Amino acid sequence: MLFLDSSNPAEIRELFAWGVLGGVTTNPLILSREAKDAILEERMREVIAASHGPVSVELIAETEAEMLEEARAIHAWDPARICVKVPFGEAGLRVTHALAKAGVRTNVTCVMNFNQAYLAALAGGTYVSIFSGRIRDMGYDAREVIEQTRARFDRERLTAEVLVGSIRHIADVNEALFAGAHVVTVPPPILRKMLHNPKTDETIREFNAAWANRGK
Ligand SMILES: O=C(CO)[C@@H](O)[C@H](O)[C@H](O)[C@H](O)COP(=O)(O)O
C-alpha cells in the first residue's frame, strides 16, 4: 500500500484522486516547510478532509506526561482517522504502550534499525516507520532492515505494520515493497515520477497517430 508523505491539502486532494493512496503521513519538518504560518489543528483538519485512511500527526512534546496530553488532544481531532506519530525512545515506548491500551493507533517513527523496530512493535505500535534514506545515509542497508523486521513481525505474529519513509528515489519505493513493507509513504514528487516512462508516452502517441491517420 502507498501513503502520501505530505501536509499540503491541495496536493493531497489532487493525488488522492488517482485512487492509489491509502493514507497520509506528516512530520514537523514537512509541516514547517509546507504550513509554516498555519495553525496545526486547522491544517490537519484540511488534510483529513482532502484524503481518506489514517493520517499520522507527530508529537512535539518530549516528556511522557506531555506526550500523552498532546496525543489525547490530537487524537480527539478525529478519533477514526488520526494515527498518533510517536518519536522512538524510552518515553516514546511508554507512550505507545499506554495509547495502545487505550485503543489509540500509533505510528512509531524515526526507526533506524531492527532492534528499535522490534521494540516499537512489542510496545504495541500500529505502524513502525523505518527511515530508508536516512539508514542509507549512515552507510547501512535499508533493504536488510526492512526484510528482517517484516520477517520477525510475521514469525511472532506481531500486529504492527512495517511502514517505510524517507523515500528519496522511485527505486526506494520498489525496494521497500519487495523487502516486505506493508506501506511505503511517498513524497509527492516521487509519486509523480512513478507515472512516467518514455516508452509508454511514445506508444500512446503512436497508437493515437495511427487512429488519426487511418485510411490516409
Ligand atoms: O515517518 C514518516 C512516516 O511515518 C515520514 O513522514 C517521515 O518522517 C519522512 O518520510 C521523513 O522525515 C523524510 O525523511 P527525509 O527525506 O527527510 O530523510
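## Labels and their grounds

Me: What share of the contacts between residues at least 6 apart in sequence join residues at least 24 apart?
Reply: Among those contacts in the chain, 57% join residues at least 24 apart. The model is predicted.

Me: How many helices and strands does the chain have, and what box do the C-alpha atoms fill?
Reply: There are 11 helices and eight strands. Along the principal axes, the C-alpha box is roughly 75 × 40 × 30 Å.

Me: Why is lysine 85 called buried?
Reply: The cut-off for buried is under 20% relative accessible area. Lysine 85 has 4%, so it is buried.

Me: Where does lysine 85 lie, and what does it touch?
Reply: It lies in strand 4. Leaving out residues up to four places away in sequence, lysine 85 touches Thr26, Asn27, Ser56, Val57, Glu58, Leu59, Asn107 and Thr109.

Me: Is lysine 36 buried or exposed, and how do you know?
Reply: Exposed means over 50% relative accessible area. Lysine 36 has 66%, so it counts as exposed. Its place is the loop between helix 2 and helix 3.

Me: How far apart are lysine 36 and glycine 22?
Reply: They are 14 residues apart in sequence. In space, C-alpha to C-alpha, they are 26 Å apart.

Me: What makes methionine 67 count as buried?
Reply: Its relative accessibility is 3%, and the limit is under 20%, so methionine 67 is buried. This residue is in helix 4.

Me: What is methionine 67 in contact with, leaving aside neighbours within four places in sequence?
Reply: The contacts of methionine 67 are Leu59, Ala61, Glu62, Val86, Pro87, Ala91, Gly92 and Val95. A contact requires heavy atoms within 4.5 Å.

Me: And how far is methionine 67 from arginine 94?
Reply: The two are 27 residues apart in sequence. Their C-alpha atoms are 10.0 Å apart.

Me: Which residues lie nearest the centre of the largest pocket?
Reply: Asp5, Asn27, Leu29, Ile30 and Ser166 do, out of 23 lining residues. Helix 2, strand 5, strand 6 and strand 7 each give two or more residues to the lining. Helix 2 gives the largest share, five residues.

Me: How much space lies in this pocket, and how does its lining divide by class?
Reply: About 480 Å³ of space lies in the largest pocket. Its lining has nine nonpolar, seven polar and seven charged residues.

Me: How do you know that the buried residues of helix 1 line one face?
Reply: The buried residues of helix 1 are Pro9, Glu11, Ile12, Leu15 and Phe16. Seen down the helix axis, they fall within an arc of 160 degrees, so they line one face of helix 1. They pack against strand 1, strand 2, helix 3 and helix 10.

Me: What puts the buried residues of helix 3 on the same side?
Reply: Those residues are Arg43, Met44, Val47 and Ile48. They cover an arc of only 140 degrees around the axis, so they sit on the same side of helix 3. Their packing partners include helix 1, helix 4 and strand 4.

Key:
Residues are numbered from 1 along each chain as its sequence is written. This is a predicted model: local features need pLDDT of at least 70, side-chain atom pairs count only at pLDDT 80 or more; totals for chains, interfaces and linings use all residues. Side-chain values use heavy atoms; hydrogens and water are left out. On a 1 Å grid over the protein atoms alone, a cavity is a set of points where a 1.4 Å probe fits but cannot get out, and a pocket is an open set with protein on both sides within 12 Å along at least five of seven lines; lining residues have an atom within 4 Å of a point. Grid points are joined across faces, edges and corners, and a volume is the space filled by probe spheres set on the points. Helices (H or I, at least four residues) and strands (E, at least two) are DSSP runs, numbered from the N terminus. Ala, Val, Leu, Ile, Met, Phe, Trp, Tyr, Cys and Pro count as nonpolar, Asp, Glu, Lys and Arg as charged, and the others, Gly among them, as polar. Buried means under 20% relative accessible area, exposed over 50%, partly exposed in between (1.4 Å probe, protein chains only). The arc is that of the directions from the helix axis to the C-beta atoms.
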